[in-house]
Amino acid sequence: MNILVINGPNLNLLGERQTDIYGENTLEELMMWLETSADGQNHNFKFYQSNHEGTIIDSIHDEREWADGMIINAGAFSHYSYAIRDAISSVDINTVEVHLSNIMEREDFRKISVLKDVCIEQIYGLGRNSYIEALKFLQDNSKGD
Ligand code: DQA
């Protein structure tokens, strides 16, 4: 499968940002780990990171023909970006929303995701394994099946 992985705002600072919550790995290490994992080796990946809502939307649009599945950690945009929600519903790509941290056990504003309903699954709280579980979910629910 062709897997589009989108990471949103502040995730470029993984490894130095609130490491007690988000872990010690940099985003680059995390994405490399995903790509070279046993499950990852069966797929093609494109990775995008942006701190800008419009750039994230453009990436979704640009890869809409290429991608068979999408893993998105939209960071704080997950909690309020109707524009990213609309972008996901505007394309025909099975999408899994992921979060490194357990958004249900943090501040109240993080408990709400405006993306959840337009994704086929929401996975959170597993650290970097959230991404692997998302990949497995996409594999198991691919449109070709
Ligand atoms: C996050 C959780 C969000 O609430 C936060 O704004 C992030 C990271 C996570 O991966 O746990 O930037 O998406």
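Reader: Is Lys 111 buried, exposed or partly exposed?

Author: In this predicted model, Lys 111 belongs to helix H5 (residues 108-111), and, leaving out residues up to four places away in sequence, Lys 111 touches Ile 103, Met 104 and Arg 106. Buried means under 20% relative accessible area and exposed over 50%. Lys 111 has a relative accessible area of 34%, and is therefore partly exposed.

Reader: How far apart in space are Lys 111 and Ser 78, C-alpha to C-alpha?

Author: Along the sequence, Lys 111 and Ser 78 are 33 residues apart. In space, the C-alpha to C-alpha separation of Lys 111 and Ser 78 is 9.9 Å.

Reader: Is Asn 2 buried or exposed, and what is its relative accessible area?

Author: Asn 2 is a residue of strand S1, and beyond its neighbours within four places in sequence it is in contact with Asn 44, Trp 66, Ala 67, Asp 68 and Gly 69. With buried defined as under 20% relative accessible area, Asn 2 counts as buried, because its value is 16%.

Reader: In what order do the strands of the open sheet stand, and which of them are at the edges?

Author: The open sheet is formed by 5 strands with parallel pairing, in the order S2-S1-S3-S4-S5. Neighbouring strands are turned by 20 degrees against each other on average, with direction ignored. A strand with a single partner has one side left without a neighbour in the sheet, so the edges are strand S2 (44-49) and strand S5 (121-124).

Reader: How many residues of S4 are buried?

Author: Both faces of S4 are covered, with Asn 94, Val 96 and Val 98 buried on one side and Thr 95, Glu 97 and His 99 buried on the other. S4 is therefore largely enclosed by the rest of the structure, the buried count being 6 of the 6 residues.

Reader: Which element gives the most residues to the largest nonpolar core?

Author: The largest nonpolar core has 20 residues, and those with the most contacts inside it are Val 5, Ile 71 and Tyr 131. Two or more residues each come from strand S1 (2-7), helix H2 (27-36), strand S4 (94-99) and helix H6 (129-140). Ile 71 touches, among others, Val 5, Val 96, Tyr 131 and Leu 138. With 5 residues, the element that gives the most to this core is H6.

Reader: Are H3 and H4 roughly parallel or roughly antiparallel to each other?

Author: Helix H3 (residues 53-62) and helix H4 (residues 82-90) pack with their axes 10 Å apart, at an angle of about 0 degrees. The contact involves Glu 53, Ile 56, Ile 57, Ile 60 and His 61 of H3 together with Ala 83, Ile 84, Ala 87 and Ile 88 of H4, and these residues divide into 7 nonpolar, 1 polar and 1 charged. Angles under 35 degrees count as roughly parallel, and H3 and H4 are therefore roughly parallel.

Reader: At what angle does H3 run to S1?

Author: H3 lies across S1, S2 and strand S3 (69-73), while H2 lies across S1 and S2 and runs at about 165 degrees to S2. For H3 and S1, the angle is about 175 degrees.

Conventions:
Residues are numbered from 1 along each chain as its sequence is written. This is a predicted model: local features need pLDDT of at least 70, side-chain atom pairs count only at pLDDT 80 or more; totals for chains, interfaces and linings use all residues. Side-chain values use heavy atoms; hydrogens and water are left out. A nonpolar core is a set of buried Ala, Val, Leu, Ile, Met, Phe, Trp, Tyr and Cys residues joined through side-chain atoms within 4.5 Å. Buried means under 20% relative accessible area, exposed over 50%, partly exposed in between (1.4 Å probe, protein chains only). Helices (H or I, at least four residues) and strands (E, at least two) are DSSP runs, numbered from the N terminus. Contact means heavy atoms within 4.5 Å. Axes are lines fitted to C-alpha atoms, for helices over the stretch in contact, and angles run from 0 to 180 degrees between N-to-C directions. Angles under 35 degrees count as roughly parallel, over 145 as roughly antiparallel, 65 to 115 as roughly perpendicular and the rest as oblique. Ala, Val, Leu, Ile, Met, Phe, Trp, Tyr, Cys and Pro count as nonpolar, Asp, Glu, Lys and Arg as charged, and the others, Gly among them, as polar. Two strands pair if DSSP finds at least two bridges between them.
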